[in-house]
Structure formats: structure tokens, C-alpha cells
Amino acid sequence: MLLTLIFGLTLLLPTAEAASQDTRDLNRSTRGRLPDSGARLETQALVDRAGLTCRVVNAIALGRDVEGNRQFEVACEEGLGYRLIAGTGVEALDCLVLTSAERRDGVGQAVGRACRLPENQDFSVVFARVAREAGLACRVDSGTVVGRSQDGGTIYEIGCADSAGAWIERAGPRWQMTDCLVVAAQGNGCRFTTTAEALAAFAGRLPTGAIPDCAPTQVRFMGRSPSAAYYEVLCASGEGAVAAFAPDGAYQELIRCPDARLIGDGCQLAARTDVGPD
């Protein structure tokens, strides 16, 4: 039976132009700034209006932007804080997103955009926390904000020390994790995970002897059906196979390449090794 394969995560990656549209440079004048205690009181009311989970522990008023909207930066007890823009409503810009935009655009173009309170500088703590919440069990050594999904969720890339990382996104009350092999198949890439780390992570998902007499040298994600996700494996011998995993990640079965012609585009890695030089 022909399987219809579905890629489940569509990404909207922010460009430098989009990032600049999402943020506004501030008037750097110190006039009109509130004392810390006054700023905390006012900004707590603002974050409550915005529906954020944030107990304000530090805040500063930053004056007005070019449109006349008052702006604040807040630090939250729960983690990194926000840049708040108080106009007709309250717009909240995540400090992690602002910092990632600054790194893409260059410091010279981002003056006044990224968060500056001391509590909003320790990004490693936040990346470790979200990785733990998502169920990524590793020692986190790097991270970044990749962009936003079509549902408006923030997508993070998490890097792990000496092991494979992943892209993670909060999907409603739960986290959705996408391994780097799937990320690569969707035309993107994990900057913090090497090919060797991704290969080792995949091998760790296979039961002992699942692919007899095979030392995997390449792996690619082929796609998924409602009942399984499929990965093509190329062995050092030049032979290949397809490993199927259940939606919960449990190993299901091994399918030899001659029997996997109707799964996606069939086995491609072994075919490439058969092509000699022109």
C-alpha cells in the first residue's frame, strides 16, 4: 500500500528585515525614567494585562519610542523577561528573541533593541530549563531562538555537550521536539549538532541487533505516515535498510531497501554509492 508521508513542522524563519520590523529602537534619553519601585508596580500591571506568566523582580522605564509609546524592560522570577511596549494595548517582546535578532543583524544595527537588565543576560539557564521541560536529557551547552512556527510558538535550537541536540517548540501545554535528522530533511539545519552526533543519537535509538551486520555511516529522515516515522540507514558495506519508529519513538521494524520502494522516494543513500565518477 502506498503510504502518504507527512512532514509535521512548517517554520517561518525571521529575516533581518522582519526582526527590525518586530522591534523598535528606543529614544536613549534618561528623562522620564521611573524609580525601580515605581517601574515594578507599573510593569506588573502591564504584564498582567498582556497575559504573561511573569512576577516582575526588576524593571526599568526606557522612555518613549518614535511612535510615542512608553517602553519598559522587565525581568521575571520565572526566567528571562521582556521588552514591553505600552500603546493602545501591551506588546511583549521576548528577550531571547530580541537577543537572537541582535546576533543576526549585527550589534551596530541593534543598539537599544536587546534586553539589558542583569537578570536578562543569563541565557544558558533559560535554554537548560526549556530543554529539561521538553524532555531533552543532555547537558546543554548552547542554544538560540530559530524563529516562530505558523501557530506563533517560539522555536529554539538546543545544543548538547558531546551529543545531539534538537529543535523544540511549546505546542499548547506540551513541548514538541524535532530531531536534527528531521530538521535537515525539511531543508534547515542544526548548527550545534555535528553529523557524527546525529548519527550516534540515531544508533542509540535502535535495539541491539536491529540491523544485523551493519555499521551505520549515513542516516536520513524519509517522512512519516500516521502510524510510523521512517529513516533510511546506509551501512558501511554499502547496503541499506529503512528503520520504522512508532509515533512515541519506539522502534517498530526493519524494512530492507528492495521492500521499501513505496515509502517516500525509496532508498536513496545506497543508490548514490553505486554512481561512479563521470
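## Salt bridges

A salt bridge is a side-chain nitrogen of Lys or Arg within 4 Å of a carboxyl oxygen of Asp or Glu. This predicted model holds 8 of them. One joins R170 to E133, with the closest N and O atoms 3.1 Å apart. R170 sits in strand β8 (residues 163–171) and E133 in helix α4 (residues 123–134), so the pair ties together parts that are 37 residues apart in sequence. Helices (H or I, at least four residues) and strands (E, at least two) are DSSP runs, numbered from the N terminus. R129 belongs to a salt-bridge network with E133 and R170.

How open are these side chains? Buried means under 20% relative accessible area, exposed means over 50%, and partly exposed lies in between (1.4 Å probe, protein chains only). R170 has a relative accessible area of 39%, so R170 is partly exposed. E133 is partly exposed too, at 38%.

## Two further pairs

R205 and D179 also form a salt bridge, at 3.6 Å from N to O. This pair links distant parts of the chain: R205 is in helix α6, D179 is in strand β9 (residues 174–179), and they are 26 residues apart. R205 is partly exposed at 31% relative accessibility. D179 is partly exposed at 24%.

R220 and E232 meet in a salt bridge at 2.7 Å, N to O. R220 lies in strand β10 and E232 in strand β11, so the pair ties together parts that are 12 residues apart in sequence. Are R220 and E232 buried or exposed? Both are buried.

## A four-stranded sheet

Strands β10 and β11 belong to an open sheet of 4 strands, in the order β10-β11-β12-β13, with antiparallel pairing. The edge strands are β10 (216–225) and β13 (251–256), and each pairs on one side only. From one strand to the next, the twist averages 25°. Strands of a sheet pair through backbone hydrogen bonds, either parallel or antiparallel. Here, two strands pair if DSSP finds at least two bridges between them.

β10 pairs with β11 (residues 228–235) in the antiparallel sense over 8 bridges. Within this pairing, V219 stands opposite V233 in β11.

## The helix across the sheet

Which helix lies across β10, β11, β12 and β13? Helix α6 (residues 195–205) does, running at about 70° to β10. Axes are lines fitted to C-alpha atoms, for helices over the stretch in contact, and angles run from 0 to 180 degrees between N-to-C directions. Contact means heavy atoms within 4.5 Å.

The loop between α6 and β10 holds I211. I211 is buried, at 9% relative accessibility. Leaving out residues up to four places away in sequence, I211 touches L206, V233, C235 and L254. I211 and A241 are 30 residues apart in sequence, and their C-alpha atoms are 8.0 Å apart in space.

pLDDT is the predictor's confidence in each residue, from 0 to 100. The chain averages 80, and 79% of the residues score at least 70. Over residues 1–34, pLDDT stays under 50; the model has 78 contacts for them beyond four places in sequence. Residues 273–278 are also below 50, and this stretch has 2 contacts beyond near neighbours in sequence. Where pLDDT is low, the predicted coordinates should not be read in detail.

Residues are numbered from 1 along each chain as its sequence is written, and side-chain values use heavy atoms, leaving out hydrogens and water. In this predicted model, local features need pLDDT of at least 70 and side-chain atom pairs count only at pLDDT 80 or more, while totals for chains, interfaces and linings use all residues.
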